[in-house]
Amino acid sequence: MRVLLIGANGYLGRFVADRLLADPAVQLTALGRGDDADVRFDLASGSPGALTRFLDAVHPQVVVNCAGTTRGGARELTRHNTVAVATVCEALRRSGCGARLVQIGCGAEYGPSQPGSSTAEDAVPRPGGPYGVSKLAATELVLGSGLDAVVLRVFSPAGPGTPAGSPLGRLAEAMRRAMQSGDGELKLGGLGVQRDFIDVRDVARAVHAASLSAAQGVINIGSGRAVRLRDAAATLARVAGYGGALHELDGPSGGHLRAAIGHPRPESDHAGPVAYPYPDGCGSWQQADVRTARDRLGWRPRINLEESLADIWMEAACRI
């Protein structure tokens with residue numbers, strides 16, 4: 001099976017590449033902006049015609065799109081998350097390869113949900129920020145393209161490779177600094193939110209399964225269980241061997257804040273609290289209904305959050 005992987009050097013893309021390469025039946029070609037990609041191409045600025053010519057030359061049976069960005073203003077998010085996907089869809093429509101498209105979506109497309117509820121694929125998306133809007137627009141482009149396509153809505157990825165600027169990455173970095181300096185207490189803000197964390201290696205398994213399946217439409221990829229960030233912090237402290245006290249603040253406000261999870265330290269000591277400290281626009285609660293992934297992909301999560309956090313800590317502890 002010839003697979004074209006777009007965004008192989010990204011956080012999710014690296015693990016998707018590893019998973020696909022482990023399948024001896026897969027012949028993988030990586031397309032991206034980096035020097036180590038098999039083919040260099042920028043989806044945000046490249047033309048559909050150029051991509052079509054490449055598709056016709058390589059003739060992949062599956063195209064997996066892991067490219068995108070989580071940071072930047074509305075213009076940058078739109079370019080890299082929406083315009084890029086429009087380019088992929090148009091190129092596939094023009095090409096004679098007939099490839100299946102596996103698009104990586106995001107749980108942020110749903111926006112805030114009712115505490116205690118599980119969000120299924122038929123929920124009406126109401127993204128609470130520009131990132132979710134840009135990803136939802138990409139999903140709608142894929143669903144309306146007429147292609148053989150599936151969108152995997154990945155909830156909150158965790159595990160090795162977690163970006164240092166992400167909420168869990170910031171938590172690990174704050175704990176590393178506290179242990180390095182011998183601080184007996186760690187003051188943290190924004191720990192009240194609850195998120196559905198899913199290990200990146202389980203995400204990669206889902207992508208592999210989706211590539212081999214005939215499933216179409218939207219499929220949630222999550223653990224099916226919301227975890228409070230303060231509980232994740234306590235678990236991280238245990239696996240890190242941090243014996244100090246964790247003090248939760250009401251919000252990332254003022255000079256007492258040692259580490260605000262999900263946001264950089266305020267520039268001013270008089271900065272006010274942030275309504276949603278977790279930067280995905282999804283409010284205080286998010287939990288995926290993952291029955292569709294089980295039924296249509298034969299997929300279930302295998303790696304628990306403690307293992308994911310242990311791997312995040314291992315990388316944080318190695319930073320100098």
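# Notebook: strands, helices and selected side chains

I began with H59, which is found in the loop between α2 (48-58) and β4 (62-65). I note that helices (H or I, at least four residues) and strands (E, at least two) are DSSP runs, numbered from the N terminus. The model is predicted, so I note that local features need pLDDT of at least 70 and side-chain atom pairs count only at pLDDT 80 or more, while totals for chains, interfaces and linings use all residues. Residues are numbered from 1 along each chain as its sequence is written, and side-chain values use heavy atoms, with hydrogens and water left out.

**Entry 1: H59.** I looked up the backbone of H59 and found phi near 55°, a positive value in a residue other than glycine. At 33% relative accessibility, H59 counts as partly exposed. For this term I use the following cut-offs: buried is under 20% relative accessible area, exposed is over 50%, and partly exposed is in between (1.4 Å probe, protein chains only).

**Entry 2: the sheet.** I asked in what order the strands of the open sheet stand. The seven strands have the order β3-β2-β1-β4-β5-β6-β11, with parallel pairing. Two strands pair if DSSP finds at least two bridges between them. β3 (39-40) and β11 stand at the edges with a single partner strand each, so one side of each is left without a neighbour in the sheet. I then checked β1 and β4, which pair in the parallel sense over four bridges. V3 has V62 as its bridge partner in β4.

**Entry 3: strand β6.** I examined β6 (residues 149-154) and found six of its six residues buried. In a regular strand the side chains alternate between the two faces of the sheet. On one side of β6 lie A149, V151 and R153, on the other V150, L152 and V154, and all are buried. I also looked up the neighbours of β6. Strand β5 (residues 100-106) pairs with β6 in the parallel sense over six bridges, and L101 has A149 as its bridge partner in β6. From β5 the chain crosses through α4 to β6, and this β-α-β crossover is right-handed. The term applies if, with the strands pointing away from the viewer, the path from the first strand over the helix to the second runs clockwise. β6 is also joined by five bridges to strand β11 (residues 217-221), and the two run parallel. There, V154 has I221 as its bridge partner in β11.

Entry 4: I placed S134 in helix α4 (residues 130-143). Is S134 buried or exposed? It is buried, with a relative accessible area of 3%. Leaving out residues up to four places away in sequence, S134 touches L77, T78, N81 and T82, where contact means heavy atoms within 4.5 Å. The side chains of S134 and N81 are joined by a polar contact of 3.1 Å. I take a polar contact as a pair of N or O atoms within 3.5 Å; within protein, one must be able to donate a hydrogen and the other to accept it, and residues adjacent in sequence count only if both atoms are side-chain atoms. A polar atom of the S134 side chain also lies 2.7 Å from the backbone oxygen of Y131. From C-alpha to C-alpha, S134 and A74 are 8.0 Å apart in space and 60 residues apart in sequence.

**Entry 5: rings.** I searched the whole structure for aromatic pairs and found one. The ring centres of Y110 and F155 are 6.0 Å apart and the planes stand at 35°, so the pair is tilted. Rings of Phe, Tyr and Trp (its six-membered ring) pair if their centres lie within 6.5 Å; planes under 30 degrees apart count as stacked, over 60 as edge-to-face and the rest as tilted. Y110 is in the loop between β5 and α4, F155 in the loop between β6 and β7 (156-158), and the two are 45 residues apart. Y110 is buried at 3% relative accessibility, and F155 is buried at 4%. I also found the charged end of R153 over the ring of Y110, 4.6 Å from its centre. The criterion is NZ of Lys or CZ of Arg within 6 Å of the ring centre and within 35 degrees of the ring normal.

**Entry 6: D199.** I located D199 in strand β10 (residues 197-199). D199 is buried, with a relative accessible area of 1%. Its side chain makes a polar contact of 2.7 Å with the side chain of R201.
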